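I am opening a notebook on this structure. The entries below record what I looked up, in the order I looked.

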Amino acid sequence: QGLLEGFLAQKRAKLADSYIPDNLRDGRILDLGCGFYPHFLSSIKFRNKFGLNNIFSESEIEGVNLIKRDFYQSTSLPFDNLFFNVVTILAVLEHLDPEVAIAVLKEAYRVLAPNGILLITVPWGRIDPLLKILARIKIISPVEIYEHKQRYNESLVKEQLISAGFVRDKIKTKRFELGLNLFILIKK
């Protein structure tokens, strides 16, 4: 949909992958909202890979367990407590209403094992006007940008994570892609 969408998705995936310690890769990873085609999951090295999304391009992708889930119909995840070593939510939370985002984060907390990590990316809220200009000229996807329901900053994302059960001292944030996006790393 947008000229830079594939490039930006690769950059997010590479950044998230760089923060996953090798000792967790023998376990299980869950990518919530993994996308129509789960680029991140198909490109990373992990023993067991799971992805949830409301629609997929294919029914099967080798080495990736794909599960259809629409968070507006059900935020509960079909996994046992403490099941995953890593959970990722890349460019997804901004598309969810606040109460749905918090419910998804609560479920991420529930399924994340002790010492596991949660990795999140969201656009930095202050750049929303710039994103709309870039979407208008199709540098980035207009469909994606106009679906945004929340404008995140460090405070809001921390507030939602704490509401979901995560501990403030274990939440680390930084900006990336010229400061246009937030990267959040949380250790449970």
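**Entry 1: the cavity**

I searched the whole structure and found 1 cavity of 30 Å³ or more. I worked on a predicted model, where local features need pLDDT of at least 70, side-chain atom pairs count only at pLDDT 80 or more, and totals for chains, interfaces and linings use all residues. Residues are numbered from 1 along each chain as its sequence is written, and side-chain values use heavy atoms, with hydrogens and water left out.

A cavity here is a set of points, on a 1 Å grid over the protein atoms alone, where a 1.4 Å probe fits but cannot get out; a pocket is an open set with protein on both sides within 12 Å along at least five of seven lines, and lining residues have an atom within 4 Å of a point. Grid points are joined across faces, edges and corners, and a volume is the space filled by probe spheres set on the points.

The largest cavity holds about 50 Å³ of space. I noted its lining residues, among them Pro-123, Trp-124, Asp-128, Leu-131 and His-148. The lining divides into 5 nonpolar, 3 polar and 2 charged residues (Ala, Val, Leu, Ile, Met, Phe, Trp, Tyr, Cys and Pro count as nonpolar, Asp, Glu, Lys and Arg as charged, the others, Gly among them, as polar).

I then looked up Leu-131, which is found in helix H4 (helices, H or I of at least four residues, and strands, E of at least two, are DSSP runs numbered from the N terminus). Leu-131 has a relative accessible area of 10%, so it is buried (under 20%; exposed is over 50%, partly exposed in between, with a 1.4 Å probe and protein chains only). Its C-alpha atom is separated by 15 Å from that of Thr-121, 10 residues apart along the chain.

I put the volume of the largest pocket at about 1,400 Å³. Its lining has 50 residues, and Glu-5, Arg-12, Ala-91, His-95 and Glu-144 lie nearest the centre. Two or more lining residues come from each of helix H1 (5-18), helix H2 (39-43), E5, helix H4 (128-136) and helix H5 (142-146). H1 gives the most, with 8 residues. By class I recorded 27 nonpolar, 12 polar and 11 charged residues in the lining of the largest pocket.

Which residue does the side chain of His-95 contact? His-95 sits in the loop between E4 and H3, and its 13% relative accessibility makes it buried. Its side chain makes a polar contact with the side chain of Glu-144 at 3.4 Å (a pair of N or O atoms within 3.5 Å; within protein, one must be able to donate a hydrogen and the other to accept it, and residues adjacent in sequence count only if both atoms are side-chain atoms).

Glu-144 came up again with Ser-141, whose side chain reaches the backbone nitrogen of Glu-144 at 3.2 Å. Ser-141 lies in the loop between H4 and H5 and is buried at 2% relative accessibility.

**Entry 2: strand E5**

I found 10 of the 12 residues of E5 (residues 112-123) buried, so the strand is largely enclosed by the rest of the structure. Strand E4 (residues 84-90) runs parallel to E5, joined by 6 bridges (strands pair if DSSP finds at least two bridges between them). Thr-88 stands opposite Leu-119 of E5. E5 also pairs with strand E7 (residues 181-187) in the antiparallel sense over 7 bridges, and the bridge partner of Ile-117 in E7 is Lys-187.
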